[in-house]
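Before reading any explanation, please look over the sequence and the model together, and keep both in view while the text moves from one part to the next.

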Amino acid sequence: MNKRMMRVAYVLMLTVLSTLGVSQAREKQKDEVPLSPQGEKLLVTYTGILEALRAEIVPAAPTIDEQKKTALLNAHSSVAAVPAPPQTVGAKSAPPRYAPRYKPYAAAQSNALIAAKVVLADVDSCLSNAKLDAKLAKCALLARATPRGLAAFAQQSKERETLIEKLLSDDGLIKQIMSMGGAYEGKYGEAMEIYTAIQKASSRAKDG
């Protein structure tokens with residue numbers, strides 16, 4: 001992860017940590033897949049990993065002006081709130097929000113980047129080395145996927161549980177995934193299935 005990506009990851013991680021309780025409360029309001037006894041055990045395991053990471057990261061986090069932090073959170077919430085583009089006549093489905101030239105999404109993204117740059121100026125002094133890179137990336141992944149989401153995926157089979165274990169034990173892979181923006185809709189289990197299938201399909205997939 002280059003220095004700029006590390007900075008962005010750090011700022012976004014701070015927003016995750018500051019809103020984690022709210023996110024978890026919202027998650028409980030959604031229709032959830034019931035967890036089996038094994039799923040409940042995995043939930044405890046994944047939650048413990050996330051909390052341990054938070055305990056290490058939070059004390060190292062710099063102090064950020066509350067107004068700047070609020071502006072950043074609001075800007076990123078605005079990005080998430082942008083509706084999908086209207087479906088064109090004859091199309092089978094509406095294009096995604098991030099479709100090229102979709103001005104509402106582009107404008108929201110631009111505003112979010114401006115807000116992020118303001119915060120970056122306050123945290124720059126804490127980003128002189130990559131000491132927290134792996135922990136930040138792993139914490140961001142767990143917060144995005146949610147421990148419950150990972151448990152719901154992993155409880156379905158031993159193979160899927162192994163995939164999550166493999167993912168969470170590979171710091172290099174996690175950093176690579178998070179530096180590229182993470183998995184769509186936080187579906188890291190499904191992303192690991194695709195990644196593993198590609199690795200098995202071609203020996204050249206391991207070359208880079």
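What is shown here is a predicted model, and the protein averages a pLDDT of 80, with 81% of the residues scoring at least 70. Confidence is lowest in helix H1, residues 3-29, where the mean is 50, whereas it is highest in helix H7, residues 158-168, where the mean is 96. Within residues 20-29 the pLDDT falls below 50, and this stretch has five contacts in the model beyond near neighbours in sequence. Where pLDDT is low, the predicted coordinates should not be read in detail.

The buried residues of H3 are Leu72, Ala75 and Val79, and because they cover an arc of only 65 degrees around the axis, they lie on the same side of H3. The face of H3 turned away from this buried side carries the exposed residues Glu66, Gln67, Ala80 and Ala81. At the start of H3, a side-chain oxygen of Asp65 comes to within 3.0 Å of the backbone nitrogen of Gln67.

Side chains of opposite charge can pair when their charged atoms come close. The structure holds six salt bridges, and one of them joins Glu66 with Lys69, with the closest N and O atoms 3.7 Å apart. Glu66 and Lys69 are three residues apart in helix H3, and therefore separated by about one helical turn. An α-helix has 3.6 residues a turn, so residues three or four places apart point the same way. Of this pair, Glu66 counts as exposed at 54% relative accessibility, while Lys69, at 23%, counts as partly exposed.

Glu51 is partly exposed, with a relative accessible area of 35%, and Arg54 counts as partly exposed at 23% relative accessibility.

Another salt bridge brings together the side chains of Lys187 and Glu185, at 3.4 Å from N to O. Lys187 is partly exposed, with a relative accessible area of 40%, and Glu185 counts as partly exposed at 45% relative accessibility.

Note on methods
Residues numbered from 1 in each chain as written. Heavy atoms only, no water. pLDDT = per-residue confidence, 0-100. Helix = DSSP H or I, 4+ residues; strand = E, 2+ residues; numbered from the N terminus. Contact = heavy atoms within 4.5 Å. Buried < 20%, exposed > 50% of the residue type's maximum accessible area, 1.4 Å probe, protein only. Arc of directions from axis to C-beta. Polar contact = N/O pair within 3.5 Å; in protein donor to acceptor, adjacent residues only side chain to side chain. Salt bridge = Lys/Arg side-chain N within 4 Å of Asp/Glu carboxyl O.
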